[in-house]
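Colleague: Could you put the model up, so that we can go through a few spots together?
Modeller: Here it is.

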Amino acid sequence: MLINLMYHHANSDRCSNELEILKEHIKYISENFKTVFPTEEKLSGKNACLVFDDAYVDFYYLIFPILKEFNVKVLLAVPTKYILDLSQNDKELRMSFEHNDEFKNYEKGTFCTFSEMKEMMNSGLVQIVSHSHSHINLLEERINLEEELVLSKKILEEKLNICVETFVYPFGKYNEKIAKKTHEIYKYSFRIGNAIHKDFSGIKGINYRVDADGLSKPDEIFKFTKLLKYRFKAFLKSF
């Protein structure tokens, strides 16, 4: 079994979890699942793939220490347009912006820097993946799909000296044409949608993710009835 999970922030005003609940949630996962990357193709038992979207700077300051404490692996989905090499601003300023203001203030270091990503990658717990270049709905008119799919991959690979094989659709939006183009460039892709899988082959080649923002209890999305619902959705979407 593979359950993919979607997160954004800790202790933010939107798309977030309270840090203490998130910590207990990650602890629960570490005790009940094996956390995996898509590049680990042979899965057995109960597996979880945690995906943190957008690479907000609170990931580095608040979430990464928890991952190290419980030895949990995650994917960090990066929109490359907003990533600086370094930031000279202090932690307080970088983390002071509300969710809706972080993109327009990216030059103040509201996202993880490439330097911080290298540090996190070296831990073996964080795998960097593409979340497009501009973090834009790919279904909008006059989208430069080549830039969103190819440039983001190129930047990540050159800046971090890695091979990027995974793409996370911004806002979970795509169509058949976009999916086909994506799979010409990336081996794995992720969308929003509460379903669970056998492995990273997903549903018609795309991995669905359970929304894990806004948790009220650390284990709420792992209750039997919830898992049954996720399995049923996967069954319906497979046709």
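Colleague: What does Glu157 count as, buried or exposed or partly exposed?
Modeller: Glu157 counts as partly exposed, because its relative accessibility is 24%, where buried means under 20% relative accessible area, exposed over 50% and partly exposed in between, with a 1.4 Å probe and protein chains only. Bear in mind that this is a predicted model, in which local features need pLDDT of at least 70 and side-chain atom pairs count only at pLDDT 80 or more, while totals for chains, interfaces and linings use all residues. Residues are numbered from 1 along each chain as its sequence is written, and side-chain values use heavy atoms, with hydrogens and water left out.

Colleague: And which residue forms a salt bridge with Glu157?
Modeller: That is Lys153, with the closest N and O atoms 2.9 Å apart; a salt bridge here is a side-chain nitrogen of Lys or Arg within 4 Å of a carboxyl oxygen of Asp or Glu. Both residues lie in helix H5, 4 residues apart, about one turn of the helix, and helices (H or I, at least four residues) and strands (E, at least two) are DSSP runs numbered from the N terminus. Lys153 counts as buried because its relative accessibility is 15%.

Colleague: How many salt bridges does the structure hold?
Modeller: It holds 12. One of them joins the side chains of Glu146 and Lys181 at 3.8 Å, N to O, and this pair links distant parts of the chain, with Glu146 in helix H5 (residues 145-160) and Lys181 in helix H6 (residues 176-185), 35 residues apart. Glu146, Lys181 and Glu184 are linked in a network of salt bridges.

Colleague: Why does Lys181 count as partly exposed?
Modeller: Because its relative accessibility is 28%; Glu146 is also partly exposed, with a relative accessible area of 44%.

Colleague: Changing topic, how many residues of strand E7 are buried?
Modeller: In E7 (residues 126-130), 5 of its 5 residues are buried. Both faces are covered, with Val126, Ile128 and Ser130 on one side and Gln127 and Val129 on the other. In a regular strand the side chains alternate between the two faces of the sheet.

Colleague: In which sense do E6 and E7 pair?
Modeller: Strand E6 (residues 74-78) pairs with E7 in the parallel sense over 5 bridges, pairing being called if DSSP finds at least two bridges between two strands. Leu75 stands opposite Gln127 in E7.

Colleague: Last one, where is Phe232?
Modeller: Phe232 is in helix H7 (residues 224-237), and it counts as exposed because its relative accessibility is 51%.
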